[in-house]
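Dear colleague,

Please find below the structure that I am handing over to you. My notes on what was found in it follow directly after.

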Amino acid sequence: MSDDAYPGLDVEDPWQAVEACFAQGWTDGLPVVPPTAPLVERMLAGGPWRADAVLLHEPVRDRAVTAWHAAINAVMAGCRPEYFPVVGAALAAIGDPEFTLHGPATSTGGAALMVIVNGPVREAIGLHGGGNLFGPGVRANATIGRALRLVLLNGLGCHPGVLDQSTQGWAGKYSLCFAEHEAASPWEPLHVARGFRATQSAVTVFAAESGHNVLVHAASEPETLLVGFADAMAGLASLSPGRSVIVLAPEHAQHLARAGWSRARTQEWLYEHARRPLADLKRAGKVEAQFLLGAEMRQWLYARAPGGVASAPSGPDAHARVLPGDEAIAVHRGLSPDDILICAGGGAAGGHSAFFPSWSRGRSVPFITKEVPV
Amino acid sequence: MTRILDPTLRAVLPRTAARAPRPSRLSGATLGLLANGKTHGMVFLERVAEHLRTRHSVGDLMRVTKANASAPARPEDSALLAKRCAAVVTAIGD
């Protein structure tokens, strides 16, 4: 094929190729695998899509990422071709209109795109859900999430300081992809709970702020164990009507399994206890004047008030002034127990689970689950 | 010699739409204000409009605030802005 079919750069040697990618602004700051046509063809052949199939359309800026461009970025990220179906499914998930990608991709909040993988594909491609699952060391985890970020950078133009206006961002923005440790879960796999069969593979995506380690070593009863989780979730730093992801360490999961707690009961307990008095929010500057004007935020703040949402005050400083009764109004994280997604992950030893708050001080974006094509 | 492929959409992006003709004057013209839906977008745009009123005597204002800052403007809103306004100013304000 002629070079016209493959727009790009001609280079002399591999090192020059790596440097050229830096010079063009095509990397995430780490060296990339130079994407040559044979490598990209091989990547594309790893999935079921034609080269011109649109895997992701971002409507605000009207950008369509085809399988071909996704494959170029997957090569650059270091993916093997057998990872490509997971990359494509994750792109379809973040491109779901409900996910409204433009916000988490560009906001000051600096969200990472979390990808949780379930089903047989985990073992087939070596996706890791055990010890150090959020850390370095496993190619599939490191490169699938990285491929998404490279698509955002190169395909959607989400360059830091330009379209991506993250105030700080965080390391999960390089890559945040892991398998659920299904064998360590007290319950059915996450994707089964979300409507898929255990024999299917699926990705679940979430726009995540940086995670909190939930360290609990001396509790085994659920009502004691979960106090630390609820406390992290109720932290004023990230308290919002948004969603939560809990990744249960196997040790913590075993305590819940032994006590016979279901996923639903655990979600309900956490929702009920992850709360703060409205007065605390006001004292911490967490209630903005605009919150009292919008139906959704009023509902979040005043749903549990004795007089209900109708009792929400108005006035120039009602959002900031602690009013009589504010100590007794409970404000929960999220709007319902369904806003708490729980999965299992981590090594056999250690009482270290994780809580990831959603991006944004508002409702943020929903969890989206998509099947990974065979 | 090895060719490395361009991972951006530069080569395949659709050509951007042609620019609308610039209004020759704003005096008496209807001005659209399109806030992106963040908390203070319209607050900021009201100041801009005030400034344009003082300096250019703009006429009526048509205000639209997107329901979701992460989503495109509704096509019917965009169509109405295009139909009624000589110029539209859009902004984010957080």
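Strand β8 (residues 244-248) of chain A is joined to β11(A) by five bridges, and the two run parallel. Within β11(A), A:Ile342 is the bridge partner of A:Ile246. Strands, like helices, are DSSP runs numbered from the N terminus (strands E, at least two residues; helices H or I, at least four), and two strands pair if DSSP finds at least two bridges between them.

Please note that this is a predicted model, in which local features need pLDDT of at least 70, side-chain atom pairs count only at pLDDT 80 or more, and totals for chains, interfaces and linings use all residues. Residues are numbered from 1 along each chain as its sequence is written, while chains are lettered from A and ligands numbered from 1 in the order in which they are written.

The open sheet has four strands in the order β7-β12-β8-β11 (chain A), with mixed pairing. Its edge strands, each pairing on one side only, are β7 (212-215) and β11 (340-344) of chain A. From one strand to the next, the twist averages 25°.

**Helices of chain A**

Helix α9 (residues 222-233) and helix α11 (residues 263-273) of chain A pack with their axes 9 Å apart, at an angle of about 50°. Axes are lines fitted to C-alpha atoms, for helices over the stretch in contact, and angles run from 0 to 180 degrees between N-to-C directions. α9(A) is therefore oblique to α11(A) (under 35 degrees is roughly parallel, over 145 roughly antiparallel, 65 to 115 roughly perpendicular, and the rest oblique). On the α9(A) side, A:Leu226, A:Phe229, A:Ala230 and A:Met233 meet A:Trp269, A:Leu270 and A:His273 of α11(A); residues are in contact if their C-beta atoms, placed from the backbone, lie within 7 Å.

Helix α4 (residues 84-94) of chain A is mostly covered, with eleven of its eleven residues buried. A residue is buried with 20 or more other C-beta atoms within 10 Å of its own, exposed with 12 or fewer, and partly exposed in between.

A:Thr108 lies in the loop between α5 (102-106) and β4 (112-118) of chain A. This residue counts as partly exposed because A:Thr108 has 13 C-beta neighbours inside 10 Å. The C-alpha atoms of A:Thr108 and A:Thr167 are 4.8 Å apart, although 59 residues separate the two along the chain.

Between the chains, 16 residues of chain B are in contact with 32 residues of chain A. Strand β1 (residues 8-11) of chain A and strand β1 (residues 2-5) of chain B run antiparallel, joined by four bridges. There, B:Arg3 is the bridge partner of A:Asp10.

Yours sincerely

Note on methods
Two residues are in contact if their C-beta atoms, placed from the backbone, lie within 7 Å.
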